[in-house]
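Here is a friendly walk through a protein model, written to be read with the structure open beside you. Take each stop in turn and look for the residues as they come up.

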Amino acid sequence: MTRRQLVWGGVAGVLGASAVGIGAYEVSGGDAFPEFRPRFGPDGLITNEWAFRNPRGPRAHETSDWVTTSGSLFATGGLGWTGRPDAGETGPDSGAINDSAVFRLVSRRRNFGPVTVSFKVRLRQPITTARTPEQDWDGGHVWLRYHSPQELYALSFRRRDGAVVIKRKVPSHDAAAVEGGDYTTIAEGSHAISYGDWHLVEAHAVNVFSGVRLRLAIDGKEVLHTVDRTPGPLAAPGGVGLRVDNSELWFGDFWARTA
């Protein structure tokens with residue numbers, strides 16, 4: 001398994017992939033929560049994987065908003081930025097290497113139940129490194145209901161192959177599982193946004209009687225809409241965040257509020 005068990009290992013088969021539009025009655029997925037609207041600045045390193053591995057260390061760059069489990073999060077001009085992606089050990093300051101070819105960012109808060117997440121984003125065309133070869137899923141993804149690296153929803157808004165995808169990840173006892181979890185595709189389509197331009201991404205999760213309703217919209221257009229009828233623990237609130245593979249990404253105007 002490449003990418004230190006942090007990448008999707010390619011889901012075998014598409015299970016229940018559909019664009020479902022049902023009139024399900026909404027139910028509460030958790031109490032209302034204060035809006036989450038992080039700011040980025042001053043310019044420089046905000047936090048990185050070294051801080052994640054060395055919490056409260058005297059050289060650790062930490063923030064009350066985010067945890068970066070892989071790669072490095074920088075601020076530039078009021079935006080969040082992955083840096084130009086490369087692979088290797090970051091060190092405390094991500095000075096020579098940022099390791100953002102495998103970028104994983106999640107909120108410290110984990111109380112996002114019925115949630116809408118919105119942000120503007122710009123990506124460059126994917127690259128590769130010696131440790132991160134080209135994969136169809138290279139690009140940008142938003143996390144909802146993040147409980148752990150093994151349990152979350154991932155909504156892919158720009159992949160190398162031009163697909164938009166909603167996946168559920170749950171814990172697995174299979175030794176070949178990606179970081180201890182199995183991905184299942186529950187909806188997919190095609191919507192390849194342009195590289196180098198700004199786009200608006202919105203992701204939505206809310207509990208309904210039949211499961212968890214998930215939506216992905218890009219530039220004001222809904223591109224995926226489905227209901228996960230077997231959410232299991234993912235019916236409970238969790239974190240929100242971003243995953244980026246082999247891609248340089250800027251984002252801003254990030255907010256999460258009760259749906």
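His141 is found in strand 7; strands here are DSSP runs of E with at least two residues, helices are runs of H or I with at least four residues, and both are numbered from the N terminus. With a relative accessibility of 0%, His141 counts as buried, a label given under 20% relative accessible area, while exposed means over 50% and partly exposed lies in between (1.4 Å probe, protein chains only). What does the side chain of His141 touch? It makes a polar contact with the side chain of Asp245, at 3.1 Å. A polar contact is a pair of N or O atoms within 3.5 Å; within protein, one must be able to donate a hydrogen and the other to accept it, and residues adjacent in sequence count only if both atoms are side-chain atoms.

A word on what you are viewing: this is a predicted model, in which local features need pLDDT of at least 70 and side-chain atom pairs count only at pLDDT 80 or more, while totals for chains, interfaces and linings use all residues. Residues are numbered from 1 along each chain as its sequence is written, and side-chain values use heavy atoms, with hydrogens and water left out.

Asp138 sits in the loop between strand 6 (115–123) and strand 7 (139–148). Is Asp138 buried or exposed? Its relative accessible area is 0%, so Asp138 is buried. Its side chain reaches the backbone nitrogen of Gln135 at 2.9 Å.

Now for the whole protein. Its secondary structure comes to 1 helix and 15 strands, and 54% of its 259 residues are buried. Of the contacts (heavy atoms within 4.5 Å) with a separation of 6 or more, 71% are between residues 24 or more positions apart.

Two strands pair if DSSP finds at least two bridges between them.

| Strands | Sense | Bridges |
|---|---|---|
| Strand 2 (residues 66–70) and strand 5 (residues 102–107) | antiparallel | 4 bridges |
| Strand 4 (residues 79–81) and strand 15 | antiparallel | 2 bridges |
| Strand 6 and strand 15 | antiparallel | 8 bridges |

Strand 2 is mostly covered, with 4 of its 5 residues buried. In strand 15, Trp250 is the bridge partner of Trp81, and Phe251 stands opposite Val121.

Val106 has its place in strand 5. At 1% relative accessibility, Val106 counts as buried. Which residues does Val106 contact, leaving aside its neighbours within four places in sequence? They are Asp65, Trp66, Val67, Trp143, Tyr146, Val240 and Gly241. Of these, Tyr146 is 40 residues from Val106 in sequence, with 7.7 Å between the two C-alpha atoms.

A pair of aromatic rings is described by the distance of the centres and the angle of the planes. Rings of Phe, Tyr and Trp (its six-membered ring) pair if their centres lie within 6.5 Å; planes under 30 degrees apart count as stacked, over 60 as edge-to-face and the rest as tilted. By this rule the protein has 13 aromatic pairs. In one of them, Phe33 and Phe112 have ring centres 4.9 Å apart and planes at 85 degrees, so the pair is edge-to-face. Why does this pair tie together parts that are 79 residues apart in sequence? Because Phe33 lies in the segment before strand 1 (44–48), while Phe112 is in the loop between strand 5 and strand 6. Both Phe33 and Phe112 are buried.

Phe119 and Phe254 form a stacked pair, at 5.6 Å centre to centre with 20 degrees between the planes. Phe119 belongs to strand 6 and Phe254 to strand 15 (residues 249–258), so this pair ties together parts that are 135 residues apart in sequence. Phe119 and Phe254 are both buried. One aromatic cluster is formed by Phe33, Phe36, Phe40, Trp66, Phe112, Phe119, Phe157, Phe251 and Phe254.

A charge sits over a ring if NZ of Lys or CZ of Arg is within 6 Å of the ring centre and within 35 degrees of the ring normal. Arg122 lies over the face of Trp250, 4.4 Å from the ring centre. The charged end of Lys167 sits over the ring of Tyr183, at 5.8 Å from its centre.
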